[in-house]
Amino acid sequence: MPDNEQFNDSPHEFEIDTEKITELIEEHVNESGMVVASEVLPTGLPIIPLRPRPAFPGIMIPLVLNGKAQVAAMHQAMEHQGQTLGLVMVRDLDEEDSADNLHEVGVAAKIVKVLHTEKNSAHVLVNSLERFVLEEIHAMGKTLYGHVRYHFATELSGNAELRAYSMAILSTLKELVQINPLYSEEIKLFLNRSSLDDPGRLADFAANLTSADGQQLQEILATLDVRKRIDKVLVLLKKELEVSRLQTKISKQIEEKVSAQQREFFLREQLKAIKQELGLEKEGKDTEIEKFQKRLKKLKLNDEAARTVEDELEKLQLIEPSSPEYNVSRNYLDWLTILPWGVFSKDSYNIGRARRVLDRDHYGLKDVKERILEFIAVGKMKGDISGSILCLVGPPGVGKTSIGHSIASALGREFFRFSLGGMRDEAEIKGHRRTYIGAMPGKFIQAMKTVGTSNPVIMLDEVDKIGASFQGDPASALLEVLDPEQNGSFRDHYLDVPFDLSNVLFIATANQLDTIPRPLLDRMEMIRLSGYILEEKLEIAKRYLIPKALKSHGLKRGQVTIQKAALAQIIDGYAREAGVRNLEKQIKKIMRRSAMAFAEDETLGKNHIIKRNLEEYLEKPVFTADEIFEGVPGVVTGLAWTSLGGATLQIEATAVLAKAKGFKQTGQLGNVMIESSEIAYSYVMAHIADYGVESEFFDKHFVHLHVPAGATPKDGPSAGITMATALVSMMTGKIVKEKLGMTGELTLTGRVLPIGGLKEKAIAARRTGLKTLVFPEDNRTDFEDLPDYLKEGLEVHFVKTFDDVYQVVF
């Protein structure tokens, strides 16, 4: 498309020598400052279409002519004496040059100098002279010719109103020059050629000076009335002034920001150079590499890890610090070199010291203490203590977590604990792969970094509450960690090199074993922590809980004392659970009330808590004494195990005359317990003749078996003999012995099978005041292993069949 460009508006392919143009302008200006007119302006002109803005009268303009048509128009003008062209702006910038695409008003311009010419282009300097209106236009080939009518400027210097407008334009131009000094050069050129007393010329010059779009400028060019033209120019100038101010403000903000950043950059570079000159600091990359190499001198890496570190160091030396890969490689090396490869803490083989530490921190827990002492003894004989996996199982509050600290202290090892409860992401165990953003190693590698040794004690709390989700199964990921045959070369996803965990002593804790996957359970050695009986809780409260509560509440030793009978009442009436956590809460409550009493009455010296005033501190007891319903046929006391410890169950049976036999169980029983009741019912019905009852008894009665309390879910097989005894008692009308409790699984042939949780059940029996207990014969060794103080005062019968039970009970 043929086109032209004004030199001062658009970039172009030729360099313009502005000094040469200025010299040419000055050559064509006479002494009075006016351009010499060679002749009267012609009415027929070759037309040059302009883009993207029009030309104004009285202004020298360099032009670039493109295309054969425009070059031909230039040559046509050069052949005439006036050498005049018509400059008219196109209506639509995107359409081709044509007569229909031209505005009506344009400017006549004299060619001052041809600067450069080629086959289809030319550079010319023109001086725009006067406005004209196109009256007729026609094309000769592609060159446009027009017949024009001129609109000559009139003398208006004497008009006071227009002079005032001129002063307003000059004032605005002055402000523009102050904001943007580049305008001053154009004003200087204008003053050399025109007078400020001509308001029309001044308005044209001011309009040309603005950055307004072409259509706005064409509108001003087409406004022949000087007064209206000046009004429009003033509006444009005001807009230009606001744009210039905003541009200046933005430029200043950017310059200030860049200057601050540059200043900080230069200062940092100078500081870095000074430090390097003094030998205080090296380049960042060199410092990092030196730090990693310094760490490696203290470590004993396996072959694969050593090769990996060496490769990564070589890679780091080649990467620029600005590269994203640099931080990935640096973080990876940081983890590899900060782990305790071959670093071990010295184990303590002093069994006497270990026993004292364990006894100091915990009362009871004989099984756990013996296992730890055996562990140390084996290490002493071997010369080193290899890793092992223990699992402490017991109700809440019995000291499973706190004993981990004691074990680490007894062995002289570092201790790290983290909870597996609710963990659902496999990456928590084995880490993230380094391809992910924000990747990091798993918990075990983090633990090794934290403790700084390769043989710590790591406690895995709440292993029975571990979860699973679409992100993986953490329990399955634990299989490698907790397998002594595999964890010697544990491979974390992030590190991707084997790390030795075989010297770590793992201690897991759980409240129950049902939710732990069987393969994981097989890898751990179970140690059960049963609940505490009243005597044990009394000792724990006196030795640990009360002194700890006094200290945490800012009270002195002896300032608050609790009578033994009052402490026993707290245990029995407010904190009957297997552990001591709730007991500690009740003691803290007493300490808070006592602290308030001391704060309100400063003369109060001591506070002695006795059984009689206990309710003033703890309100009414939560638990009442277990009532054993005795002396009623069909009622028998059973012993049960719960996650909170042992408990007693009253099993009741009754028979109602009916036309048809039937059997019903209530008390929110689980499937296993319902099956046990049906086995007991079938056994008693099959052996009814042995108890001296008519054989038609069950045919005429509907039997109902109930286990209070109805709101508590119950399940398990160990109530079999208790249910059968209740049915026999109901059927025969005989009453069982006083203060008797029993537990055992019954088969259809009358055999009594062993049960679990015997210690907890024995504790529940002592707490309830039972004196005679019936246990399966196969649990005899379990009972004999109980502490003497727990067996003292109990008459225990071990049975093999239900006939043995019948002989004991009745």
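**Figure 1. Salt bridge between Arg417 and Asp461 in the predicted model.** The closest N and O atoms of Arg417 and Asp461 are 2.8 Å apart. A salt bridge here is a side-chain nitrogen of Lys or Arg within 4 Å of a carboxyl oxygen of Asp or Glu. The pair links distant parts of the chain: Arg417 belongs to strand 9 (residues 415-419), Asp461 to strand 10 (residues 457-461), 44 residues apart. Helices (H or I, at least four residues) and strands (E, at least two) are DSSP runs, numbered from the N terminus. Asp461 is buried, at 3% relative accessible area, whereas Arg417 is partly exposed, at 40%. Buried means under 20%, exposed over 50%, and partly exposed in between (1.4 Å probe, protein chains only). Residues are numbered from 1 along each chain as its sequence is written. Local features need pLDDT of at least 70, side-chain atom pairs count only at pLDDT 80 or more, totals for chains, interfaces and linings use all residues, and side-chain values use heavy atoms, without hydrogens and water.

**Figure 2. Salt bridge between Arg295 and Asp334.** The N to O distance is 2.7 Å. Arg295 lies in helix 8 (residues 284-296) and Asp334 in helix 10 (residues 324-338), so the bridge ties together parts 39 residues apart in sequence. Arg295 is partly exposed, with 21% relative accessible area.

**Figure 3. Salt bridge between Asp231 and Arg227 within helix 7.** The closest N and O atoms are 3.6 Å apart. The two residues are four apart in the helix, so about one helical turn separates them. Asp231 is partly exposed at 29%, as is Arg227 at 33%.

**Figure 4. Aromatic pairs of Tyr681.** Rings of Phe, Tyr and Trp (its six-membered ring) pair if their centres lie within 6.5 Å; planes under 30 degrees apart are stacked, over 60 edge-to-face, the rest tilted. The whole structure holds 18 aromatic pairs. Phe663 and Tyr681 have ring centres 4.3 Å apart and planes at 10°, so they are stacked. This pair joins strand 19 (residues 662-666) to helix 22 (residues 671-686), 18 residues apart. Tyr681 also pairs edge-to-face with Phe698, at 5.3 Å centre to centre and 80° between the planes. Phe698 is in helix 23 (residues 697-700). Both Tyr681 and Phe698 are buried.

**Figure 5. Charges over rings.** Arg434 lies over the face of Tyr332, 3.8 Å from the ring centre. The charged end of Lys449 sits over Trp335, 4.5 Å from its ring centre. The criterion is NZ of Lys or CZ of Arg within 6 Å of the ring centre and within 35 degrees of the ring normal.
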